[in-house]
Amino acid sequence: MYQVIGNTRSRTFRVLWMLEEIGQPYEQITAGPRSEEVTALNPSGKVPVLVTEGQALTDSTAILTFLADRHEALTYPAGSLERARQDALTHFLLDEFDSVIWTAARHSFILPEELRVPTVKDSLKWEFERSQHLLADKLGDGPFLMGERMTIPDIIATHCGTWAVAAKFPLVDERFRAYLGQMRARLAYQRLSGG
């Protein structure tokens, strides 16, 4: 059984959601960043941490990729063109969505107050709006980003979209809003978010 350390108000949600989607048993240890439970396994203090076979794995995207490859779920086979496109989409989301929202969070409540630059959020919102249209253009005909098959990018995109709403970043693309609604209605997502 996997052990997942971190709280659901962090990127830990992504790992838990994937485990729910693929039906793998896990135990969650609710712990915040930089807590003793976390720093004992990850000196940077960042969550999530996945413990398996006595080893601690860190970084939500690395953990998602590990789980996907290990269980042959929510991914395309390594070395395939589909996997290359999936990985490109994952990196797009990390660069254009995750990093933008994370930077906004850092300048809202994470950095020491004297280091925060609140005005940076205006440019971050502009970037996020632009990226929404770029992502929506990739949606195509399928219900998921890669077509008919849910993959790792769907988890990252939905989690980032949810963070964006919480941060009051406007969802300006109707296709992206509809996609988020569909993804957040999934049973596995609902089990974790409490409906």
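Buried means under 20% relative accessible area, exposed means over 50%, and partly exposed lies in between (1.4 Å probe, protein chains only). The model is a predicted one, in which local features need pLDDT of at least 70, side-chain atom pairs count only at pLDDT 80 or more, and totals for chains, interfaces and linings use all residues. Residues are numbered from 1 along each chain as its sequence is written, and side-chain values use heavy atoms, with hydrogens and water left out.

**Exercise 1. Salt bridges and their surroundings**

Task: Determine how many salt bridges a search of the whole structure finds, and describe the pairs formed by arginine 14, arginine 186 and arginine 175.

Solution. 

Step 1. A salt bridge is a side-chain nitrogen of Lys or Arg within 4 Å of a carboxyl oxygen of Asp or Glu. Searching the whole structure gives 11 salt bridges.

Step 2. Arginine 14 pairs with aspartate 98, and their closest N and O atoms are 2.5 Å apart. Since arginine 14 belongs to helix 1 (residues 12-22) and aspartate 98 to helix 4 (residues 81-110), the pair ties together parts that are 84 residues apart in sequence. Here helices (H or I, at least four residues) and strands (E, at least two) are DSSP runs, numbered from the N terminus. Arginine 14 is buried because its relative accessibility is 0%; aspartate 98 is also classed as buried, at 8%.

Step 3. In the salt bridge of arginine 186 with glutamate 21, the closest N and O atoms are 2.8 Å apart. This pair links distant parts of the chain, 165 residues apart: arginine 186 is in the loop between helix 7 (174-184) and helix 8 (187-193), and glutamate 21 is in helix 1. Arginine 186 is partly exposed at 26% relative accessibility, and glutamate 21 is partly exposed at 21%.

Step 4. For arginine 175 and aspartate 137, the closest N and O atoms of the salt bridge are 2.9 Å apart. The partners lie in helix 7 and helix 5 (residues 120-138) respectively, 38 residues apart. Arginine 175 has 40% relative accessibility and is partly exposed, whereas aspartate 137 has a relative accessible area of 54% and is therefore exposed.

**Exercise 2. Two helix pairs**

Task: Classify the packing of helix 3 with helix 6 and of helix 4 with helix 6.

Solution. 

Step 1. Two packed helices are described by the angle between their axes and the distance between the axes. Axes are lines fitted to C-alpha atoms, for helices over the stretch in contact, and angles run from 0 to 180 degrees between N-to-C directions.

Step 2. The axes of helix 3 (residues 60-71) and helix 6 (residues 152-166) cross at roughly 150° and come within 10 Å. Helix 3 is therefore roughly antiparallel to helix 6; angles under 35 degrees count as roughly parallel, over 145 as roughly antiparallel, 65 to 115 as roughly perpendicular and the rest as oblique.

Step 3. On the helix 3 side, Thr61, Leu64, Thr65 and Ala68 meet Ile152, Ile155 and Ile156 of helix 6, where contact means heavy atoms within 4.5 Å. The residues of this contact comprise five nonpolar, two polar and no charged. Ala, Val, Leu, Ile, Met, Phe, Trp, Tyr, Cys and Pro count as nonpolar, Asp, Glu, Lys and Arg as charged, and the others, Gly among them, as polar.

Step 4. Helix 4 and helix 6 pack with their axes 9 Å apart, at an angle of about 15°. Helix 4 is therefore roughly parallel to helix 6.

Step 5. The contact divides into 12 nonpolar, two polar and one charged.

**Exercise 3. Backbone exceptions**

Task: Which residues does a cis peptide bond join, and where do glutamate 53 and leucine 74 lie?

Solution. 

Step 1. Most residues other than glycine have a negative phi, and most peptide bonds are trans.

Step 2. The cis bond joins valine 47 and proline 48, with omega about 5°. Proline 48 is in the loop between helix 2 (36-39) and strand 3 (49-52). Both Val47 and Pro48 are among the contacts of threonine 12, leaving aside its neighbours within four places in sequence. Threonine 12 lies in helix 1 and is buried, at 0% relative accessible area.

Step 3. Glutamate 53, not a glycine, has a positive phi of about 50°. Glutamate 53 is in the loop between strand 3 and strand 4 (55-58) and is exposed, at 65%.

Step 4. Leucine 74 also has a positive phi, near 55°. Leucine 74 lies in the loop between helix 3 and helix 4 and is buried, with a relative accessible area of 12%.
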